[in-house]
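Let's take a walk through this structure together. We'll visit a helix, then a strand and its neighbours.

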Amino acid sequence: MKQIFTHPKSLRKISTHYCPGCGHGIAHRLISEVVDELKIREKVVGVAPVGCAVVAYDYWDFDCCEAAHGRALAVATGIKRSRPDIVVFTYQGDGDLAAIGTNETLHAANRGENLTVIFINNAVYGMTGGQMAPTTLLGQKTATTPLGRDSKLQGYPLRISEILAQLPAVRYIERVALSSPKEVLKARGAIKEAFQNQIDHLGFSLVEILSPCPTYWGLSPKAAMDWIRDVMVKEFPLGRIK
Amino acid sequence: MLKKILMSGNEALAEGAIQAGCSFYAGYPITPQNEIPAYMARRMPEAKGVFIQAESELAAINMVFGASAAGVRAMTSSSSPGISLKQEGISYLAGAQLPCVVVNMMRGGPGLGNIAPAQSDYFQATRGGGHGDYHCIVLAPAYVQEAYDLMFKAFDLADNYWMPVIILGDGCLGQMMEPVLTQNAKRKTKNAKKPWALTGCKDRIPNVVKSFYLREGDLERFNLLLQNKYRQVQQKEQLYEGAFLDDAKIILIAYGTMARVAKSVVDRLRQKGKKIGLIRPISLWPFPKKAFTQYTRRNTQYLVIEMSYGQMLEDVELAVNGKAPVEFLGRSGGGIPTEKEIMDKIKKISG
């Protein structure tokens, strides 16, 4: 009998600390599957962010580096330039990549660093208790926007992927979602392309993943998935951006 | 083969780093250290190393973090305001036990201050500087030749103890030109083991470079390990230069550029038969306490001279521990105590 489904070698067989219905577990698994498929487990280095996924290195079974909040792409640049044969990726949340680390993100992209970026957009700061993120939707209630995000006070959701797509040195940017099995499969394909680009020395690749945070959206896991499909994609349209 | 070259202090630090095997440099422009990144931009490609002009000091120190985690010798350089920005990264490097070299060619502060030479970052350098219970080894060259030579020592210490090493100079040393005897490019420095380096997990279990210890008790255990390392460094790595200490009744203490002025005063007064000496700390952390234990006698008087307002003074007072009077002379914000000011002060304290 042909085995068509198995536990990825690059993912440790332990339970995660993530909340029920959180998207990080799915994203971790997709990366692990791609690392296995591309046979790069022994030459990959993952850079973990500060945020809910700070201990991603407890789950991935390959070399990992922790970065200060927002500095993942500077750390990744240092690793990759020192060891060009290593496949380096960062795994960053919206606060890490698009607020405190915007400068590092923009300039790593503008230099065309040959890196892979997995950007988890769940429109909220999870680890610190559900504060407003740069990607929080207008009207969305968070710990620091108790009446909902107001464009007059807090500006608009930041579409960092669209901003980065304008840079000539950027090779590939795609926005995907974890809202259904079909979208998860598309996400896997995008992650694979972003890693393959690095292996082929094609330059900066970023996959933005719309990911559920039921805890701080105040929704059930199922309703959170529906919210991505029905609400979030209107602000953050899916598909290839560059 | 030894070659004699006329170099500025900044160039000597950069060339010394390359000869010491540094293969990664990231930095951001700031006066008075701009000759270092400019030199690195030209020399690193020749030496098959990496030069990156970073978008900020934050990015530069974190690039160094990444390069160091990958196992290569890495450095950054800046001047006072830029070093303040790097403190976050330096704390993370200390917390992840990563080696690196950080050059601070100090300028006047606080705030934007000015671009004149100063020594007012002594506390920041020797006390850790960022958050958490940590230290960096701090080395202070006084001569261009010493700036070159200390880069070898700095990278060796960083690798041996897996911790950041700061070269603390100032704008005067950085700009000044002096002849330097350079080592042969093939000079080998000790290659310390880096079993934690991120090289891909081929034939070994995966490595993780991190400074995060969330489980109860883990961080305290880790801090005890750091403290144990720092104790070893304090015991083994104290460095200073002494002059005329055997019979000195008045001992001047000064480091870096300030020590050059102090040395002139000592030479001058010795010619007049005055029993005066000099302790020039080369390692500021660990502070060379052993010199004070050895040379404090009955009737010894100390005079600390700084281009700051009594920062190293505190370390001298701790080292002397009340066994002798400790006087102080300092200027800051661009002022450098002159030979005359020092001699007037000596006259005053020796009665």
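Start in chain B of this predicted model, at helix H2(B), where B:Glu35, B:Ile36, B:Pro37, B:Tyr39, B:Met40 and B:Met44 are buried. These residues cover an arc of only 165 degrees around the axis, so they end up on the same side of H2(B). Now look at the face turned away from that buried side of H2(B): there you'll find B:Arg42, B:Pro45 and B:Glu46, which are exposed.

Next, hop over to chain A and find strand E4, residues 116-121. Strand E4(A) is mostly covered, with six of its six residues buried. In a regular strand, side chains alternate between the two faces of the sheet. Here, A:Thr116, A:Ile118 and A:Ile120 point one way from E4(A), while A:Val117, A:Phe119 and A:Asn121 point the other way.

What does E4(A) pair with? One partner is strand E3 of chain A, residues 87-93, which joins E4(A) in the parallel sense over five bridges. Another is strand E8 of chain A, residues 204-210, which pairs with E4(A) in the parallel sense over six bridges.

Conventions:
Residues are numbered from 1 along each chain as its sequence is written. Chains are lettered from A and ligands numbered from 1 in the order in which they are written. This is a predicted model: local features need pLDDT of at least 70, side-chain atom pairs count only at pLDDT 80 or more; totals for chains, interfaces and linings use all residues. A residue is buried if 20 or more other C-beta atoms lie within 10 Å of its own, exposed if 12 or fewer, and partly exposed in between; C-beta atoms are placed from the backbone. Helices (H or I, at least four residues) and strands (E, at least two) are DSSP runs, numbered from the N terminus. Two strands pair if DSSP finds at least two bridges between them. The arc is that of the directions from the helix axis to the C-beta atoms.
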